Amino acid sequence: MCGIVAYAGHKPCHRILIEGIKRLEYRGYDSAGLAVIQDGKLALQRAAGRIASLEEILDETTAHGTVGIAHTRWATHGAPTTSNAHPHLDDSGRIALVHNGIIENYAALKTWLQSQGKHFSSQTDSEVLVNLISFLYRGNLVDAVQKALKEVEGTYGIAVISSDHPETIVAARKGSPLLVGVGENEHIVASDAAAIVEHTTRAVYLEDGEMVVITPDAFRTITLDNITVDKELENIEFSLQQIELDGYDHFMLKEIFEQPTSLENTLRGRIDLQAGRAILGGLENVKDQLAQAKRIIIIACGTAWHSGLVGEFLLEHLARIPTEVEYASEFRYRNPIIEPGTVVIAISQSGETADTLAALREAKEHGALALGIVNVVGSTIAREADAGVYLHCGPEIGVASTKAFTSQLAVLTLLAIYLGRRRSLDHDQAQRLLQSLTEMPARIKNVLCLSDQIQKVAQSCLDREHWLFLGRGYNYPLALEGALKLKEISYAHAEGLPAAEMKHGPIALINKGMPTVFIATSGSQYEKVISNIEEVRARGGMVLAVATENDTRIQTHAEAVFTIPDVPEPLSPLLVVIPLQLLAYHCAVGRGCAVDKPRNLAKSVTVE
Ligand code: M6R
């Protein structure tokens, strides 16, 4: 996710652009830039880092222009460096573009444009688009943008300017939001209303496939085929904070509800259904070494460690490679045994967690092939790993990790299929799983409908200080994750356990009304979980269950049941976690806790 602002008016616009992208910084903050048309030329200023770094280098170069575009980036293709920051110029320096989204066929387009003599100075997919526009430009900017967009596959919200048309901005959307603020002798295009409301509360929202051409005094909405679209002016009625939160009360809730989209972004371009294969371009350089892997060690902390535990099941089940999962903080200090054929995988949302980074370095020193599964592009772990796979789930702001977890599960599933297909996993098995994986975003959307039911159950448990979360097999790591979510944001004490371990001690904790969350989805261990539930009920515990749709038996064993669709067992963690996240969230809100910034916790733990 990135943030776009474009201004056409009669005021000097560089401060307007900067203030606008600051409002969008929650959408991405690893580099930023702006391009302004000044004295008939494009003046470009860009910087790696947050927008504050851009402000530090701003000088008179862009001070007087009244038409310009700006961008705050969250990297997808290419590290967050100054040369990869937006805006991107075409190789003639006459056209500038800002882009939010992913151009999936950028590699093929780039090769072709290079064969036509175009030059590139970044690793981004966006620079390919501006050069394609430039290649097709014959004096009519709108026409060139329309022609170029017909050639690209993927998603985009873009704004384009050219020194040949100093009063005009062309913007278009497909899959990435854009709206046009309509002011007095000024128009502003932005990724969301937060960047606009200071200037005007009248706006037009673009739909996918629509474009807008703005000048200081007019705007025109059209299709890619140049047909005029009549749009209604709407009133923006939200406060700035509400807009950043997109109407949600907290970033955590927003990110929970974003999961259908973030998962789609993680999967995009990585599934070849026909061949029954996963496509992981980031592993291409090490594919021969990976084919020889004898053992995998996953290192991570917190929620990422829990996704690693699911990864252990996936890799052993689908790829038949012995896999262990270690706390990064333990691994780094115990002089691990790394034999030839050992692959170490560091999982980290931030890519900056100190223990995980140190463990990765330790693994490399011992000669392991070191891979990273990371969200933040260009982060230290991403840079230091030999190869890896990005999550592409967008910035995660809430301290409690939610959408990164589901994206980690998706990448681990793809990895297990990728490796499995080179070993024992046959085409049909892989194809079935990949097909189900593509259906997961829609299934998550259905599970999110449980939110109101879960809120009511949470209300009845707000005074409970001790909770247990229990599951078996694939659901055991989910029990750990459910407990971690609850304790870190609601400050209730919660323990997650493999369900069968309960009778070896923790059962002594069960007393009347103690909430015990069982993950009792259909699958190989269902009957055994039902027996564990009865052990809790016999001692007066309050049983809440996550179960599979159409399971009529479970209703008689639990006070409340949260149902999820029936999916292949290796994929069920992607759905099971949703009610657990919602339960933690509603308990924390009910207990009056600071959901997005829980006490004593930081988003990224960069110290030991
Ligand atoms: O950025 P990382 O994924 O490396 O972070 C690891 C943990 O610090 C993180 O998952 C933490 O446990 C979260 N607060 C859990 O919600």
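Modeller: Strand β8 (residues 169-174) and strand β12 (residues 210-214) pair in the antiparallel sense, over four bridges. This is a predicted model, where local features need pLDDT of at least 70, side-chain atom pairs count only at pLDDT 80 or more, and totals for chains, interfaces and linings use all residues. Residues are numbered from 1 along each chain as its sequence is written, and side-chain values use heavy atoms, with hydrogens and water left out.

Colleague: What counts as a strand, and when do two of them pair?

Modeller: Strands (E, at least two residues) and helices (H or I, at least four) are DSSP runs, numbered from the N terminus. Two strands pair if DSSP finds at least two bridges between them.

Colleague: Which residue of β12 does I169 stand opposite?

Modeller: I169 faces I214 there.

Colleague: What is the strand order in the open sheet of six strands?

Modeller: The order is β5-β6-β7-β8-β12-β13, and the pairing is antiparallel. β5 and β13 (219-223) stand at the edges, each with a single partner strand, so one side of each has no neighbour in the sheet.

Colleague: What holds strands of a sheet together in general?

Modeller: Strands pair through backbone hydrogen bonds, either parallel or antiparallel.

Colleague: How do β24 and β25 run, parallel or antiparallel?

Modeller: Strand β24 (residues 515-520) and β25 run parallel, joined by six bridges. T516 has V543 of β25 as its bridge partner.

Colleague: And is β25 buried or exposed?

Modeller: Seven of the seven residues of strand β25 (residues 542-548) are buried, so β25 is largely enclosed by the rest of the structure. Buried means under 20% relative accessible area, exposed over 50%, and partly exposed in between (1.4 Å probe, protein chains only). Both faces are covered. M542, L544, V546 and T548 are buried on one side, and V543, A545 and A547 on the other.

Colleague: New topic, the ligand. Which residues come nearest?

Modeller: S348, Q349, S350, T353 and E488 do, out of 13 residues around the ligand. Near means that one of a residue's heavy atoms lies within 4 Å.

Colleague: Which elements supply at least two residues of that shell?

Modeller: α10 and α17 (476-490) each do. α10 gives the most, with three residues.

Colleague: How many of the shell residues are nonpolar, polar and charged?

Modeller: Four are nonpolar, seven polar and two charged. Here Ala, Val, Leu, Ile, Met, Phe, Trp, Tyr, Cys and Pro count as nonpolar, Asp, Glu, Lys and Arg as charged, and the others, Gly among them, as polar.

Colleague: What lies 2.5 Å from an oxygen atom of the ligand?

Modeller: An N or O atom in the side chain of T353. A backbone N or O atom of T303 is 3.1 Å from an oxygen atom of the ligand. A polar backbone atom of V399 lies 3.2 Å from a ligand nitrogen atom. Taken alone, the ligand exposes 410 Å², and the protein buries 92% of that. Those areas come from the Shrake-Rupley method with a 1.4 Å probe; for residues, only the protein chains shown count as cover.

Colleague: Now A70. Where is A70 placed?

Modeller: A70 is in strand β4. A70 is buried, with a relative accessible area of 0%. Its contacts (heavy atoms within 4.5 Å) include G3, I4, V5, L17 and V98, not counting residues up to four places away in sequence.

Colleague: Which residues of helix α1 are buried?

Modeller: In α1 (residues 14-23), they are H14, I16, L17, I18, G20 and I21. Their cover includes β1 (3-8), β2 (31-38), α2 (51-57) and β4.

Colleague: Is R320 buried or exposed?

Modeller: R320 is exposed, with a relative accessible area of 59%. N600, also not a glycine, has a positive phi of about 65 degrees. N600 is exposed too, at 77%.

Technical notes: Polar contact = N/O pair within 3.5 Å; in protein donor to acceptor, adjacent residues only side chain to side chain.
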